[in-house]
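Then come back here and we'll walk through it together.

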Amino acid sequence: MTLVQDRGRYGFQQLGVSVGGAVDIDSLDLGNKLVDNEQSAAVLEIMLGGLEIEFARRTIFALTGADANATLDGVPLAVNISYVAHPKSHLVLGMVSGGLRAYLAIDGGVSTPEILGSRSTHIASKIGGVDGRPLAVDDVLNIGESSTSNASGLVLSGYEPESSQVDLQNLTVRVILGPQDDEFSKAGIEAFLNTTYTVTDQSNRQGLRLDGPEIESRSGRYDIVSDAVVNGSIQVPGDAKPIILLADRQTTGGYAKIATVATVDLPQLGQVSPGTNINFAAISVEESQRLLTDRRERFATAQIHKLVDPISLGIDGEHISVGVADNGEAKIADVEGETYPVSIDEYNHAE
Amino acid sequence: MAESVLSGDQTRTYPRLVPAGDSAILIELGSEIDPEINSQVFALADSLESAEIAAVVELIPTYRSLLVSYDPTISKYDEMRARLDSFVTELEVIVEAASEARLVELPVVYGGEDGPDLGSVAEHAGLSVQEVIGIHSGIDYRVYMIGFAPGFPYLGGLDQRIATPRLKTPRISVPAGSVGIAESQTGVYPNASPGGWQLIGRTASVLFDVTKSSPSLITPGSKVRFVPVQSHD
C-alpha cells in the first residue's frame with residue numbers, strides 16, 4: 001500500500017480532523033533533505049513494498065526508511081542517498097526488509113492538492129493524497145517545482161534515522177507516564193513497565209495493538225469521559241492490554257491513558273511488524289524533551305555531502321554499481337578516491 | 001472551584017495540569033460530563049487562543065479537559081506549565097468574560113427515507129412520531145466536543161424519553177447529514193460513514209467542507225437546534 005504523506009494536518013483536531021502524516025517522520029525528513037525539499041513536502045510512504053513508477057521527466061529522488069531492495073532500470077539502489085532518474089526510467093520497489101515502510105522523496109515534492117493545509121492521506125476520512133485513497137495502478141502524480149540546487153549522489157553525514165539503528169524485533173520504547181497513570185494500580189504500572197508486550201496483527205497507521213500481561217486499573221474500569229489523545233498516547237481499553245496510538249489516530253478517545261511515547265521513539269513504531277517485542281521504560285518529561293532537542297539539532301547540523309558524482313548507484317557491502325551518467329558516457333566512477341568500472345549497457349535514457 | 005473526586009483509592013483535585021508526553025499538557029477541569037465544566041473548557045480555550053502563545057501548536061477542547069500541544073524546542077515543560085497555570089488561576093475571570101455560545105440551526109426532514117428508524121424510536125418510547133419530533137426539536141443541544149470523525153459533534157441534553165439503543169446491526173453506509181439517536185445521545189453524521197445509530201431524520205446542510213477555511217458548520221462550544229422542515233428545498 002502506497003500513500004501520499006507529509007508531516008501531517010495540524011490545526012483542525014478540535015474539529016475531529018486526524019493529524020495523519022508519515023509514521024516514520026525521521027525517514028520523511030531525511031528523504032526531503034536529501035532531495036533539497038522543504039520539510040513540509042509530501043513523499044510516498046510504501047508499506048511492505050511493491051511499487052513500480054515510471055518517471056516522466058528527469059527527477060532527483062531518494063529512498064529512506066525500510067530497504068525495499070529497489071532498482072532503477074535494473075540497477076540496485078541503496079537507501080539514504082539521492083539519485084537521478086531519467087525520462088521513462090522505471091523505479092521498482094521489492095519487498096521491504098529491516099522495517100515495514102519505505103519512503104520515496106522526490107525533488108519538488110508530490111503535489112497532490114493541499115487539503116486543510118496538508119497533503120497527507122487519511123483513509124478513514126477519505127481526505128488528502130489522491131482522492132483520500134492509496135495509490136492505484138495508472139495513477140499519475142504531479143511533482144512540484146524542483147529546487148535549483150538538486151543533485152544526485154548526496155548523503156547526510158553523521159546522521160542515521162533512529163529506526164535503522166535499533167533492533168526492530170526487540171524494541172525498548174521510552175515513555176512519560178500519564179496523563180492518567182493514576183487510574184492504574186501499582187501492580188498495573190509494574191506490569192506495564194517490567195514485562196514484554198508483543199505487537200499483534202491488529203495494528204495499522206491508527207495504532208499498534210499489543211498483547212501481553214493485563215494492566216490492572218484501580219477501579220476495575222478502563223473507560224473515562226472521552227478526551228483528547230496525542231501521537232504516542234498509550235491507552236488501555238477493557239481487555240487491559242495497551243494500544244499505542246499513531247499518526248492516523250482519531251482525535252479523542254474514551255480509555256484511560258497510562259503513558260505517552262517519547263517523541264524521539266515514535267518513528268521506530270512506524271517500522272515494526274506484528275511479532276515485535278516491546279519493553280517500556282519510563283523517563284521524565286525533561287529527559288524526553290532533551291532527547292528531542294538533541295535529535296533535532298543533530299539533524300539540523302548534519303552536513304549534506306556528495307558521495308559520488310555519477311548518477312545512480314547501489315551500495316551493498318563492497319559492491320558498487322553505477323548507473324546513468326549525465327553525459328551518457330561515464331565508464332568510471334570515482335567513489336571516495338577509488339575508481340570503479342561502470343557498466344552502462346542497460347542505459348540509453350541519458351539526456 | 002476546586003473539586004475533589006475519588007478515583008480508585010486516590011483523591012484528585014481539579015483543575016490539574018498533567019503532561020501528555022513531551023509535547024502536550026492536559027488541563028483537566030473535572031472528571032464528569034457537566035455543562036458548567038464544559039463551558040470552562042471552552043472559555044479557557046478561547047482565552048489561550050487569544051493570547052497567541054508562540055510555543056502553542058494546537059488546542060483540543062473536550063468534555064472536561066483541554067489539551068494544549070506545544071513545541072518543546074520553543075518552551076520547555078516547566079515554563080509552559082507555569083504559563084498555563086497562570087491562565088487556570090484566572091479561570092473564574094475568564095469564564096465571566098466568555099462570549100455566549102453560537103447557535104447553529106439545522107433544518108431536518110424527519111422520518112421517511114431521511115429517517116428510516118423514526119417509527120421504531122417512537123415505538124420504543126411509547127410515543128407518537130409527532131411527539132418524538134416535537135421532543136427532539138424542542139431544545140438546544142450543547143456541543144460538548146467534536147471527535148470520532150471530521151465535524152462529528154457530541155451533543156448533550158437528549159430528553160431521556162426518546163433515548164433508544166443502537167441498531168443491533170450497524171448500517172454499512174449512513175448518508176451525510178443523517179440525524180440519529182444512540183442511547184441517550186443524539187448527533188448528526190457530517191459525512192457518509194458506517195453507523196449504528198437509529199436514524200430519525202436528515203439535514204441537507206453541509207456540515208463539513210474541506211475547501212473552506214472554517215470547514216465545520218458546527219464548532220465546539222456552540223449550540224445546535226434541529227428545525228423540522230417538510231422538504232430539503
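What follows is a short tour of this structure, from confidence to chains, domains, cores and a few residues.

For the complex, the predictor gives an ipTM of 0.90 and a pTM of 0.90. Chain B has an average pLDDT of 92, and 95% of its residues score at least 70. One stretch is another story: over residues 1-9 of chain B, pLDDT stays under 50. The model still has 22 contacts beyond four places in sequence for that stretch. Where pLDDT is low, the predicted coordinates should not be read in detail.

**Chain B at a glance**

Chain B has 233 residues, and 42% of them count as buried. Taken along the principal axes, the C-alpha atoms of chain B fill a box of roughly 55 × 45 × 35 Å. Now take the contacts in chain B with a separation of 6 or more: 60% of them are between residues 24 or more positions apart.

**Where the two chains meet**

**Domains**

| Chain | Domain 1 (residues) | Domain 2 (residues) |
|---|---|---|
| Chain A | 2-158 + 308-341 | 170-300 |
| Chain B | 3-97 | 103-228 |

Start with chain A. The contact between its domains takes 20 residues from domain 1 of chain A and 15 residues from domain 2 of chain A. On the domain 1 side, helix 1, strand 4 (59-67) and strand 9 (97-106) of chain A each supply at least two residues. Helix 1 of chain A gives the most to that side, with four residues. The residues of the side of domain 1 of chain A that touches domain 2 of chain A divide into six nonpolar, 10 polar and four charged.

Over in chain B, the C-alpha centres of domain 1 and domain 2 lie 29 Å apart. Their contact takes seven residues from domain 1 of chain B and six residues from domain 2 of chain B. Helix 1 of chain B gives the largest share of the domain 1 side, three residues. By class, the side of domain 1 of chain B that touches domain 2 of chain B has five nonpolar, two polar and no charged residues.

**A helix tucked inside**

Let's go back to helix 1 of chain A. Why can we call helix 1 (residues 25-34) of chain A largely enclosed by the rest of the structure? Because 10 of the 10 residues of this helix are buried. Among them are A:Ile25, A:Asp26, A:Leu28, A:Lys33 and A:Leu34. After helix 1 of chain A comes A:Asp36, whose phi is positive, near 60°.

In soluble globular proteins, nonpolar side chains tend to be buried together. Here the largest nonpolar core has 103 residues, and those with the most contacts inside it are A:Val43, A:Leu104 and B:Val68. Helix 1 (residues 35-51) of chain B brings the largest share of this core, seven residues. Apart from this core lies another, of 34 residues, including B:Met145, B:Tyr154, B:Leu158 and B:Leu199. As for A:Leu104, its contacts, leaving aside neighbours within four places in sequence, are A:Val43, A:Leu44, A:Ile46, A:Phe61 and A:Leu63.

Find A:Ala191, which sits in helix 2 (residues 186-194) of chain A. Is A:Ala191 buried or partly exposed? It counts as partly exposed, because it has 19 C-beta neighbours inside 10 Å, and being buried takes 20 or more. Beyond four places in sequence, A:Ala191 is in contact with A:Pro213, A:Glu214 and A:Ile215. A:Val43, one of the core residues with the most contacts, is 148 residues from A:Ala191 along the chain, and their C-alpha atoms are separated by 39 Å.

Terms used
Residues numbered from 1 in each chain as written. Chains lettered and ligands numbered in written order. Predicted model: local features only at pLDDT ≥ 70, side-chain atom pairs only at ≥ 80, totals over all residues. Buried ≥ 20, exposed ≤ 12 C-beta atoms within 10 Å, placed from the backbone. Contact = placed C-beta atoms within 7 Å. pLDDT = per-residue confidence, 0-100. Core = buried A, V, L, I, M, F, W, Y, C linked by C-beta atoms within 7 Å. Domains from an automatic or database assignment. Nonpolar A, V, L, I, M, F, W, Y, C, P; charged D, E, K, R; others polar.
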